[in-house]
Amino acid sequence: TYENIDLHLIGPLQTNKARQAMELAQSIHTLDRPKLATTIARLAQEMGHCPSLYIQVNTGEEDQKAGCLPRDADAFIKSAQDMDLPVRGLMCIPPVDEEPSLHFALLAKIAARNGLTGLSMGMSSDFESAIALGATHVRVGSAIFGDRVYEQ
């Protein structure tokens, strides 16, 4: 049985998959848009429970990445909290070509001013910097399993 597993969802979440995610995961690290927040709030009412949520902030303001923009984060956090969603923290994935610690510091600042203690930030290549700046969750799959091999 899997009752002792604390499963965290860290990939993009489509609204049509939210119910399955909420049935499976204890935490979702990719709440990134109002439509998904509304869907999760509705499902939480129906299901009687909701996983802990981490709002994804697009600290690099990259077009290809999901997440709310830093300038919109306070309003999005408040909106999610106003829906009684259990927002525990924030998540970011810094741009590959920029110093990650600047993004981790920005995320920590947004979290602090909103009273959030969870910081999901840092990956195999930069987790030490993330931890030094307050990370409570890091993603270190490549360090454990090796780099991904893509078929051509």
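Predicted model: local features only at pLDDT ≥ 70, side-chain atom pairs only at ≥ 80, totals over all residues.
**Notebook: a parallel sheet and its helices**

I started with serine 27, which is buried, with a relative accessible area of 6%. My cut-offs are these: buried means under 20% relative accessible area, exposed over 50%, and partly exposed in between, with a 1.4 Å probe and protein chains only. Residues are numbered from 1 along each chain as its sequence is written, and side-chain values use heavy atoms, with hydrogens and water left out.

**Entry 1: around serine 27**

I placed serine 27 in strand E2 (residues 27-31). Helices (H or I, at least four residues) and strands (E, at least two) are DSSP runs, numbered from the N terminus. I then listed what serine 27 touches, not counting residues up to four places away in sequence: Leu7, His8, Leu9, Pro51, Ser52 and Tyr54. Contact here means heavy atoms within 4.5 Å. Histidine 8 also turned up as the bridge partner of serine 27 in E2. E1 and E2 pair in the parallel sense over two bridges; for two strands to pair, DSSP must find at least two bridges between them.

**Entry 2: the whole sheet**

In what order do the strands of the open sheet come? I read six strands in the order E1-E2-E3-E4-E5-E6, with parallel pairing. The edge strands are E1 (8-9) and E6 (137-139), each pairing on one side only.

**Entry 3: strand E4 and its two partners**

Next I looked at E4 (residues 87-91). Four of its five residues are buried, so E4 is largely enclosed by the rest of the structure. With E3 (residues 52-56), E4 pairs in the parallel sense over four bridges. With E5 (residues 118-123), E4 also runs parallel, and three bridges join the two.

Tyrosine 54 stands opposite glycine 89 in E4, and in E5 the bridge partner of glycine 89 is glycine 118. I also noted leucine 90, which stands opposite leucine 119 in E5.

How many of the six residues of E5 are buried? I found five, and E5 is mostly covered. E5 pairs with E6 in the parallel sense over two bridges. Methionine 123 has arginine 139 as its bridge partner in E6.

**Entry 4: the crossovers**

I followed the chain from strand to helix to strand. E3, helix H3 (residues 70-82) and E4 make a right-handed β-α-β unit. A crossover counts as right-handed if, with the strands pointing away from the viewer, the path from the first strand over the helix to the second runs clockwise. E4, helix H4 (residues 100-113) and E5 make a right-handed unit of this kind, and so do E5, helix H5 (residues 127-132) and E6.

**Entry 5: H3 against H4**

I checked how the two helices pack: H3 and H4 meet at an angle of about 30°, with their axes 10 Å apart. Axes are lines fitted to C-alpha atoms, for helices over the stretch in contact, and angles run from 0 to 180 degrees between N-to-C directions. H3 and H4 are therefore roughly parallel to each other; the classes are under 35 degrees for roughly parallel, over 145 for roughly antiparallel, 65 to 115 for roughly perpendicular, and oblique for the rest.

Which residues meet across this pair? From H3 I listed Pro70, Ala73, Asp74 and Ile77, and from H4 Leu106, Ile110 and Arg113. I also noted that H4 lies across E4 and E5, running at about 170° to E5.

**Entry 6: loops**

Glutamate 61, in the loop between E3 and H3, has a positive phi near 50°, and glutamate 61 is partly exposed, with a relative accessible area of 41%. Aspartate 84, in the loop between H3 and E4, has a positive phi of about 65°; aspartate 84 is exposed at 66%.

Buried or exposed: which is glutamate 62? Glutamate 62 is buried, with a relative accessible area of 15%, and its place is in the loop between E3 and H3. Leaving aside neighbours within four places in sequence, glutamate 62 is in contact with Ile93, Pro94 and Pro95.
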